[in-house]
Amino acid sequence: MNKTNARKRMLIGYALVLPAFLVVMLTVAYPILSSVIMSFQDGKTGEFTLENYKHFFVTESQLKNIGFTLYVVVVTVVLAIVIAYLLALYLRFVKSPISRAIGTLYLLPRFIPGLVAVYAMITIIRDTGVINRIAQLLFNYDFKPAMMYHASGLIIMNLWFNIPFAALMITAGLGAIPDSVIESARDVGASRMRVFRTMILPLSMKDVVVAATFVFMTNVGSFTTPYLIGGNSPKMLGIALYDQFNRYLDYNRSAALSVIMFLICSVSAGIYIYTNLKEKEWE
């Protein structure tokens with residue numbers, strides 16, 4: 001009887017999980033598998049080929065797109081994490097009206113639609129924008145930031161989006177560090193820098209790594225910001241994929257580029273999985 005009941009409970013459990021499993025297979029697994037298969041097919045004959053991948057690693061313009069994307073993404077990750085970490089430290093350990101106000105306002109960018117934010121930034125950083133007008137008004141100088149259609153503009157916009165997100169994750173990690181641990185170290189004579197280097201930084205490093213992986217993956221395939229601020233050459237991979245799919249109607253190369261972007265993101269995803277598997281060691 002017990003074995004029969006256990007089997008029934010197991011079957012009921014499988015039945016409850018089955019709808020979600022089918023949804024995942026149909027909306028995630030099947031599109032990924034079909035894209036991978038298509039990426040190895042010739043667009044005209046359907047035969048197996050590596051030409052779709054070769055195109056992106058042989059063509060000079062496509063190589064520049066990959067290098068440009070990695071440059072923008074890596075710089076964005078480094079700057080966003082450093083600034084977010086400093087902001088998180090300030091919000092966690094400084095108790096003042098200013099820190100409380102910043103703690104209330106720093107998440108505001110997360111609630112502003114991306115398209116609205118990008119257009120707002122364009123009015124500021126373009127050569128005839130707000131910065132240029134202030135320079136002319138105060139210093140009678142025609143200052144042109146030259147950020148439009150340039151990597152610097154993309155990075156500035158990416159930071160605007162990603163710093164609040166990274167700071168939120170890191171602040172949550174710093175909040176888990178008990179004040180008693182820090183106070184005990186200070187009581188035995190440890191300097192602030194020593195407390196930070198030997199206690200705060202190691203205990204918060206897991207959250208820093210996780211935040212960095214999410215920022216990396218988010219920006220590899222970004223579209224709105226590169227489409228409105230980025231230039232025609234080189235391009236971010238999200239725009240290159242859009243061109244292959246919509247402008248050139250080359251679905252096989254589009255699939256190949258999708259796989260390449262997936263493989264780039266998988267490096268960051270691997271770090272994320274490794275970090276979670278080593279959670280006990282981090283603690």
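**Backbone, core and helix packing**

Modeller: Asn 140 is exposed, with a relative accessible area of 72%. Here, buried means under 20% relative accessible area, exposed over 50%, and partly exposed in between, with a 1.4 Å probe and protein chains only. This is a predicted model, in which local features need pLDDT of at least 70 and side-chain atom pairs count only at pLDDT 80 or more, while totals for chains, interfaces and linings use all residues. Residues are numbered from 1 along each chain as its sequence is written, and side-chain values use heavy atoms, without hydrogens or water.

Colleague: Where does Asn 140 lie?

Modeller: Asn 140 is in the loop between helix H6 (130-139) and helix H7 (151-175). Helices are DSSP runs of H or I with at least four residues, strands are runs of E with at least two, and both are numbered from the N terminus. The phi of Asn 140 is near 55°, which is a positive value in a residue other than glycine.

Colleague: Is Leu 249 buried or exposed?

Modeller: Leu 249 is exposed, and its relative accessible area is 53%.

Colleague: Which residues are joined by a cis peptide bond?

Modeller: Ser 233 and Pro 234 are joined by one, with omega about -5°. Pro 234 belongs to the loop between helix H10 (224-229) and helix H11 (237-247).

Colleague: While we are at H11, which of its residues are buried?

Modeller: They are Leu 237, Gly 238, Ile 239, Ala 240, Asp 243 and Gln 244. These buried residues of H11 pack against helix H2 (51-58), H3, H9, H10 and H12.

Colleague: Now the core, please. Which residues touch the most other members of the largest nonpolar core?

Modeller: Ile 170, Leu 174, Ile 200 and Ile 229 do so, in a core of 58 residues. Helix H3 (residues 60-93) gives the most to this core, namely 13 residues. A nonpolar core is a set of buried Ala, Val, Leu, Ile, Met, Phe, Trp, Tyr and Cys residues joined through side-chain atoms within 4.5 Å.

Colleague: What is Ile 170 in contact with, leaving aside its neighbours within four places in sequence?

Modeller: Ile 170 is in contact with Ile 81, Ala 84, Tyr 85, Ala 88, Asp 207, Val 208 and Ala 211. Contact means heavy atoms within 4.5 Å.

Colleague: How do H3 and helix H9 (residues 192-220) cross?

Modeller: Their axes come within 9 Å and cross at roughly 140°. H3 is therefore oblique to H9. Axes are lines fitted to C-alpha atoms, for helices over the stretch in contact, and angles between N-to-C directions run from 0 to 180 degrees. Angles under 35 degrees count as roughly parallel, over 145 as roughly antiparallel, 65 to 115 as roughly perpendicular, and the rest as oblique.

Colleague: Which residues of H3 and H9 meet?

Modeller: Among them are Val 73, Ile 81 and Phe 93 in H3, and Phe 196, Ile 200 and Val 220 in H9. By class, the contact of H3 with H9 has 15 nonpolar, four polar and no charged residues. Ala, Val, Leu, Ile, Met, Phe, Trp, Tyr, Cys and Pro count as nonpolar, Asp, Glu, Lys and Arg as charged, and the others, Gly among them, as polar.

Colleague: And at what angle do H9 and H12 cross?

Modeller: The axes of H9 and H12 cross at roughly 165° and come within 9 Å. H9 is therefore roughly antiparallel to H12. The contact includes Lys 206, Phe 214 and Met 217 of H9, and Met 261, Cys 265 and Tyr 272 of H12. Its residues divide into 12 nonpolar, four polar and one charged.
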